[in-house]
Amino acid sequence: MKDDNTYFTYYTIEKGDNLYAIARKYNINPKLLAAVNGIEEDEYIYPNQELLIPKSGYSYYITAEGDTLDAVAKAFKTDMNGLLRFNET
């Protein structure tokens, strides 16, 4: 596991792992874990595949079709400049 990102930790899947056990290990919601990694909750995961593990203390928003920057900014009660500032990395 490497940890060189402010918002995520990287986890390399090992034989026998499943999404729910990994989510439980990191105390995160399996739906969030799946969404952040662009997979379905019931999708098969493979040994040596890397997953992004969201770090606690941050808000995560997974964009959906039809989202606009303005709508996302409003959801986080900020303006466009605030949204851009939060996403500088």
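This is a predicted model: local features need pLDDT of at least 70, side-chain atom pairs count only at pLDDT 80 or more; totals for chains, interfaces and linings use all residues.
Residue numbers run from 1 along each chain as its sequence is written, and side-chain values use heavy atoms, with hydrogens and water left out.

First, the overall layout. The protein chain has four helices and two strands, these being DSSP runs numbered from the N terminus (H or I, at least four residues, for helices; E, at least two, for strands). Going along the sequence, they come in the pattern β-α-α-β-α-α. The C-alpha trace spans about 45 × 25 × 20 Å along its principal axes. Of the 89 residues in the chain, 25% count as buried; buried here means under 20% relative accessible area, exposed means over 50%, and partly exposed is what lies in between (1.4 Å probe, protein chains only).

The largest pocket holds about 640 Å³ of space. A pocket is defined on a 1 Å grid over the protein atoms alone, as an open set of points where a 1.4 Å probe fits, with protein on both sides within 12 Å along at least five of seven lines; lining residues have an atom within 4 Å of a point. Grid points are joined across faces, edges and corners, and the volume is the space filled by probe spheres set on the points. In all, 21 residues line the largest pocket, and Ser59, Tyr60, Tyr61, Phe86 and Asn87 are the ones that lie nearest its centre. Helix H3 (69-75) and helix H4 (80-86) each put at least two residues into the lining, with H4 giving the largest share, three residues.

The partners are Lys74 and Asp70, whose side chains meet at 3.3 Å, N to O; the cut-off asks for a side-chain nitrogen of Lys or Arg within 4 Å of a carboxyl oxygen of Asp or Glu. Side chains of opposite charge can pair when their charged atoms come close. Lys74 and Asp70 sit four residues apart in H3, about one turn of the helix. Lys74 is exposed, at 57% relative accessibility, whereas Asp70, at 41%, is partly exposed.

Leu69, also in H3, belongs to a nonpolar surface patch together with Met80 and Leu84, and the three have about 280 Å² of accessible area together. Such patches are made of residues with over 30% relative accessible area and no salt bridge, nonpolar side chains (Val, Leu, Ile, Met, Phe, Trp, Tyr) being joined within 5 Å and like charges within 9 Å. The areas come from the Shrake-Rupley method with a 1.4 Å probe, and for residues only the protein chains shown count as cover. Leu69 itself counts as exposed because its relative accessible area is 51%.

Two loop residues have backbone angles worth a look. Asn27, in the loop between helix H1 (19-25) and helix H2 (30-36), has a phi near 55°, a positive value in a residue other than glycine. Lys77, in the loop between H3 and H4, likewise isn't a glycine and has a positive phi of about 50°. Asn27 is exposed at 72% relative accessibility, and Lys77 is exposed at 78%.

Leu83, in helix H4, is buried at 9% relative accessibility; its C-alpha atom lies 5.8 Å from that of Ala73, 10 residues apart along the chain. Leu52, from strand E2 (residues 50-54), is partly exposed at 24%. The C-alpha atoms of Leu52 and Phe86 are separated by 19 Å, the two residues being 34 apart along the chain.
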